[in-house]
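Please open the model in your viewer and keep the sequence panel beside it.

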Amino acid sequence: MGIGAYAFSLITLKLHIGFWPAFFSAIALTGLGGFLGGVPALKLRGPYFILVTLGFAVIVGVIVLGWIDFTGGANGLYGIPRPPPISLPGGARLRFDSLLSMYYFILFFVILTGVFCHRLVHSLIGKRFIA
């Protein structure tokens, strides 16, 4: 989650790329980071797997807090843009100016992720992952 949040923030703030391209780029970078960290960890069993995954999280946290010029350190990053309005059929527009609208925006993606994970786990590939 932290890799995705910082990837999106840094892409929009440092590279000045729009919201949606940065959003999908951050998803891809997060998947790549998970893949690069997960492939070696999956070869381990028992407590070694747990230690490697916890170590990966600690390393990411140390990099985020220590690389102040790039990530802002403990102060974080400011000025992260909100999503642009979305035009709907019939001329209506979804705007994300209030906290409530941002809540529903995030809730939509949380539900979408939950549905995706549920379908993945209950698919043939998911059953193979579990096995």
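**A tour by selection**

Begin by selecting Ala 41, which, once its neighbours within four places in sequence are set aside, is in contact with Phe 49 and Val 52, contact meaning heavy atoms within 4.5 Å. This is a predicted model, in which local features need pLDDT of at least 70 and side-chain atom pairs count only at pLDDT 80 or more, while totals for chains, interfaces and linings use all residues. Residues are numbered from 1 along each chain as its sequence is written, and side-chain values use heavy atoms, with hydrogens and water left out.

Ala 41 lies in helix α2; helices (H or I, at least four residues) and strands (E, at least two) are DSSP runs, numbered from the N terminus. Ala 41 is buried, with a relative accessible area of 3%, where buried means under 20% relative accessible area, exposed over 50% and partly exposed in between, using a 1.4 Å probe and protein chains only. From Ala 41 to Leu 51, 10 residues apart in sequence, the C-alpha to C-alpha distance is 9.3 Å.

Next, select α1 and α2 together, and look along the place where they meet. The two helices pack at an angle of about 140 degrees, with their axes 8 Å apart; axes are lines fitted to C-alpha atoms, for helices over the stretch in contact, and angles run from 0 to 180 degrees between N-to-C directions. That angle makes α1 oblique to α2, since angles under 35 degrees count as roughly parallel, over 145 as roughly antiparallel, 65 to 115 as roughly perpendicular and the rest as oblique.

To display the contact, select Ile 3, Gly 4, Ala 7, Phe 8, Ile 11 and Thr 12 on α1, and Phe 19, Ala 22, Phe 23, Ser 25, Ala 26, Leu 29 and Thr 30 on α2. Gly 4, in helix α1, is buried at 17% relative accessible area, and Gly 4 touches Ala 26 and Thr 30, not counting residues up to four places away in sequence. The C-alpha atoms of Gly 4 and Leu 29 are separated by 7.1 Å, although these residues are 25 apart along the chain.

Now colour the largest nonpolar core, whose 10 residues are Ala 7, Phe 8, Ile 11, Phe 19, Ala 22, Phe 23, Ala 26, Phe 96, Met 102 and Phe 105. A nonpolar core is a set of buried Ala, Val, Leu, Ile, Met, Phe, Trp, Tyr and Cys residues joined through side-chain atoms within 4.5 Å. The elements that give two or more residues to this core are α1 (2-14), α2 (19-41) and α5 (99-121), and α2 gives the most, with 4 residues. Centre the view on Ala 22, which is in contact with Phe 8, Ile 11, Thr 12 and Ile 17, leaving aside its neighbours within four places in sequence.

Move to Leu 10, another stop in helix α1. Leu 10 is buried, with a relative accessible area of 11%, and touches Leu 15, Phe 70 and Leu 77, not counting residues up to four places away in sequence.

Finish with two loop residues. His 16, in the loop between α1 and α2, is exposed, with a relative accessible area of 66%, and has a positive phi of about 55 degrees although it is not a glycine. Ala 92, in the loop between β1 (86-87) and β2 (93-94), counts as partly exposed at 38% relative accessibility.
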